[in-house]
Every structure is written in structure tokens, then in C-alpha cells.
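Please open the structure in your viewer and keep the sequence beside it. The tour below goes from one selection to the next and says what is to be found at each stop.

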Amino acid sequence: MMPEKQRHPTGQEQSPASIQNSGQGKFEEIIIYDELRKQLEHVSLALFKELIRRFAWRKIDWRKLFLAGAVMSIAGIILPTFLLAYHHNSRFESPNGTMHLSKNLTEARLDKSQLVTSAPFVSLNSSIEAKESARVLRMRQNRRKTIDVLKVVHPPPRRSVPRHLQRYLQSLSSHEALLYAKREIEHAPLVKNVGNDSYLYAPVFQNISIFKRSYELMEMILKVYIYRDGKKPIFHQPRLNGIYASEGWFMKLMEANREFVTKEPEKAHLFYLPYSSRQLELALYVRNSHNLRPLSKFLRDYVNVIASKYPFWNRTHGSDHFLVACHDWGPFITTEHVELKDNAIKALCNADLKENFVAGKDVSLPETAIRIANKPLRNIGGGIRVSQRPILAFFAGKMHGRVRPKLLKHWLNKDADMRIYGPLSRRVSKNMSYVRHMKSSKYCICPMGYEVNSPRIVEAIYYECVPVIIADNFVLPLSEVLEWKAFSVTVAEIDIPKLKEILLAIPLKRYLQMLMNVKMVQKHFLWNPNPMRYDLFHMILHSIWYNRLNQIQIPQS
């Protein structure tokens, strides 16, 4: 039986005999290389001994010695490196082409005969290795794409304030500075040339000129005093994960801030009550008691202590004080103190017009579900191309509140385009995770739960899916400045049966613009561990600042 010929990667055939002869020749070259290396070692050792003998007990010319040592060192490095590179890159010839030597010197020393008898040197698993290499390469490319998606674009730096304006603002009292800011905002200059290349994207704002001027004035003027009163864990101890993480992240970043925080309360324009509604629940609420009065009384007593200890609350009856609470009970635990309920600025996730929320004074706080506290930006971005999104609308979640049961009643297992579930089952999530569902959907349904707010609104923005908000009487987050119609759809609860009809009626051009706006507004909803201009921390603080200015009355001249 004739020996089978081996095929070279170029397509040419090589006989085992020719490969074997070439392998023997290459083995001889390896032996020569080994002997040359040993000779160099002997020569170097002999030269070193002669050097010591000649210079012993004599005055040494260190310049010549250094030069000779340098030459020998360079020669000792370059020559073996060259020979080693030649050894690794060497090829053994065959009549029909060349083939890489796949045995190294160590293997040759262990078994010289093996080098000759196993002439082909072609791995039987080469095709598998090639596939694995391709797979690893694709994974690295996908990882790079993910990193690119998560790359945070930094905003432009703050404008420098002229010294004469700084001196003027410093000469004003806190109330006079607020009057100055309100007048400036009312006469805000028109912002021109705000295009796609601008950091602030005009279509997602109600009035980009007013927002930009108000934000600049906040950076120039605003000072916040944080009361140090109150013990942990209810005060000064933020919780950074879970669905109530917004209040924790704001507390963490506010207390660490050096730009807006002042230690001199006389210079402050706003006063922060640094308590956590979630920590208050964990510390004082008796499970299944349905009694919130102990929580309300605790907060009432705290405000009374503040009012008796410092003059600042009584000066404005609390209208320049604010709190940030994301728990559903946020509006209710302020009811025991009349001035706290009616006058103070409340940044609340539960921004329900029917439940102690005053539009224009209070701030709708975005509810952000942070799963890993030290990775608040995890999984953000990466929505797939519109043409490859197979799902029209998606929702999955627990069945509580008045809206979600209606949603499932009309759409659960009724339409392949409408992926409406209860809690996402393991069978479904095994094929496609919750996050992947959102990134693969054109619209993400965001129905209210027990209260009007839902973390799915911000999740949809994070995962680049147009949010569909179903919550009557809900004041949308940061609505003082953001134009929600530009990047979301609001559906009345009564229109749930017509949900698919409403979504299909939106023209493709309009949908693509909304999706673009979702991507452009995303940066304003990010909790950056190191805050940057226009991110969520600054947007919340700006809304509090803006609503404080709304309460200021400019005297008629």
C-alpha cells in the first residue's frame, strides 16, 4: 500500500519521505545551534577569567573596561536572539513547498527519533483549533463592541466666570442671588447651532435655551447646606442597590460633593435633609402592620429638632429645604408635619398628583433599579438594530397594582408580537434574558405597580428601547426640563385593549426619531460614580434648584 501523501496548507502535496529528509536536515541545524551556544558560553567565561587575571593588582582603565563590557553584553544578547529567532521561524524544505517546524528544541532533546518518525508535524486537531481561535476572536470583537457601547462621552467643561461677575454674585445675599438667577433665566439668550454634534440634544428638552442658562447659573451660584444631625442608618447611610437606589446614590454623591456643598449655612440657597426612606422603613416599620404613623412621627420630630436648633427652617417655613425619597411611602411619611408636607421641596419617585405631590414645587425622581452597587452602569446600551428587533412590545413583572392584571388579561399569550408575561419564567429566560428581551424590543411596556412609578422607564432608556408608560396621574421624571413626548409613548389605562393598535399607528420615521432621542437622553439618567455635568445627579439637583426658583416672586419695579 502506497504511503499517503501529506497536503501542505498552500494546497501542494508532500511525500512523507521528503518531509522526513527535511526534518533530519533541520535536526542537524538544531544540533549546530546548540553547539554554537555552548562554545559562546566557554569563550565568554574564558574572556572573563583573562580580564580578571590581567587587571588584578593593577590600575584599571574603567572607560576601556566599560566599553569592552558593553560590546560583549550587546554581542551576547543580539547573537543568541538572532539565532533563536532564526530557529523559531525556520522552515524545512520539501520539493513542493515549505512547512513550519512544530517541534521545539526541548522536544528534540527528549526524543531525537520522534522528530524523524513523526514527520508530518501537522496537528490532527488543527481544524478544531482554527475554529476555537475564530470563536475566541469573535468573542473579543463582541467584547470590544460592548465596551464601545458603554463608553461614556464626557461633557464640555464649565464656562469660566469673569472675576467681576464672581465678585458681584458673592456680594449678594442668598435671596438676592436667587432673584438675579430668575431674572437671567427669564431673559435667557437663544441657543443656536445645537445639532447632532452638541452634547445637549435640543429635541429631548422642552426649551434648550432656558435649561442651558438655568444650569449655568446653578453652577455659578448654588450652595447647599447638609444638616449633620441625625444618626445612622436612617441618616447619612445610603443604600446603593435595589429599586430605591436613586435616593441612596443622590445622598452619596451630594455628601461627597465639593462644588455645591457649603459648610456655612448662612451662604446656602438650599438645605438638604439627608435621610433615607428605605432605611427608615427597615428601622421602624413593623412588618404587615400597615401602620406608617411611627415613620411619619419620626420624621416630624426630626424636623422639629432642626427648626428649634437652627434659624433657617423658620426663616422660610421650610420652602428652601428639600428631601429625596424613592420609597413608595415617600409622600405619606411627610404628612405629620404640615410645613414639611406643604412647603418643603420633595424629590419623590412616587410622583402622583393625587397623593401629596405638587407639580412645579416637588420633583419627580427617576426610579433606577441598580443590581450591583459598584457597577451602576452595567449592561447599559447595546440595543440591537431596528431591522433585527423581532418583538413589537415587551413586559415581564410581578402582578401587583391595578394596571398589570389588566395588561395580562388582554395580552398574555394573545399575540406573538406582544411579549407580555407575568414574572419571566426560567423556560423563557433560558432562551432570552430579561435584559436581552428589552434590547430586542421596539417598545418596552412600563405599567405602574402599587404606585405610579416604575423602574422600567429608566431601564428602557438604559437598554435603548422606547418606553410605553401606563400610569394615570403620574408626573414624569425631570419633566421640568425634559420633553418626554420626544422619546416615549404615554397610554391611558383605559386604552390597554388598543395597545397594539396604538403602537402600530406610529409611523416608522417617528419611531426612529424617538429611538434616536432615547439614545441621546440616556446620558442624563446615568449614575456616574464620579459625577459629571448633566448626568442624573446634576439633573436632579438642577430640578430642585429650578423649582426653588419657581417659588421666588420678582418684585414689581
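**Around helix 10**

Begin by selecting helix 10, whose buried residues are covered by parts that include helix 9 (245-256), helix 11 (293-309) and strand 7. Within helix 10 itself, which spans residues 277-284, the buried residues are Ser-277, Gln-279, Leu-280 and Glu-281. Keep in mind throughout that this is a predicted model.

Colour the chain by pLDDT next: the average over the chain is 83, and 74% of the residues score at least 70. If you then select residues 84-131, you have a stretch where pLDDT stays under 50, and for which the model has 63 contacts beyond four places in sequence. Residues 143-149 also have a pLDDT below 50, and this stretch has three contacts in the model beyond near neighbours in sequence.

**The disulfides**

How many disulfides does a search of the whole structure find? The search finds two, and when the bonded cysteines of the chain are numbered in sequence order, their pairing reads 1-2, 3-4.

Select Cys-326 and Cys-349, which form a disulfide with their sulfur atoms 2.0 Å apart. This pair links distant parts of the chain, since Cys-326 sits in the loop between strand 7 (321-325) and helix 13 (338-342), while Cys-349 sits in the loop between strand 8 (345-348) and strand 9 (363-364), 23 residues apart. The link of Cys-326 and Cys-349 is left-handed, with -90 degrees about the S-S bond, and both Cys-326 and Cys-349 are buried.

Move on to Cys-444 and Cys-465, a disulfide whose sulfur atoms are 2.2 Å apart. Cys-444 belongs to strand 12 (residues 441-447) and Cys-465 to the loop between helix 17 (456-462) and strand 13 (466-470), so this pair ties together parts that are 21 residues apart in sequence. Here the link is right-handed, with 115 degrees about the S-S bond, and both Cys-444 and Cys-465 are buried.

**Aromatic rings**

Now show the aromatic side chains, among which the structure holds 25 aromatic pairs. Tyr-225 and Tyr-227 make one of these pairs, an edge-to-face one with 5.5 Å from centre to centre and 85 degrees between the planes, and both residues, Tyr-225 and Tyr-227, are buried. Tyr-225 also pairs with Phe-271: the ring centres are 6.1 Å apart and the planes stand at 65 degrees, so this pair is edge-to-face. Because Tyr-225 lies in strand 5 (residues 224-226) and Phe-271 in strand 6 (residues 270-272), the pair ties together parts that are 46 residues apart in sequence. Both Tyr-225 and Phe-271 are buried.

For the last stop, select Tyr-199, Phe-205, Phe-211, Tyr-215 and Tyr-534, which form one aromatic cluster.

Conventions. Residues numbered from 1 in each chain as written. Predicted model: local features only at pLDDT ≥ 70, side-chain atom pairs only at ≥ 80, totals over all residues. Heavy atoms only, no water. Disulfide = S-S within 2.5 Å. Helix = DSSP H or I, 4+ residues; strand = E, 2+ residues; numbered from the N terminus. Buried < 20%, exposed > 50% of the residue type's maximum accessible area, 1.4 Å probe, protein only. Phe/Tyr/Trp six-rings, centres within 6.5 Å; stacked < 30°, edge-to-face > 60°. pLDDT = per-residue confidence, 0-100. Contact = heavy atoms within 4.5 Å.
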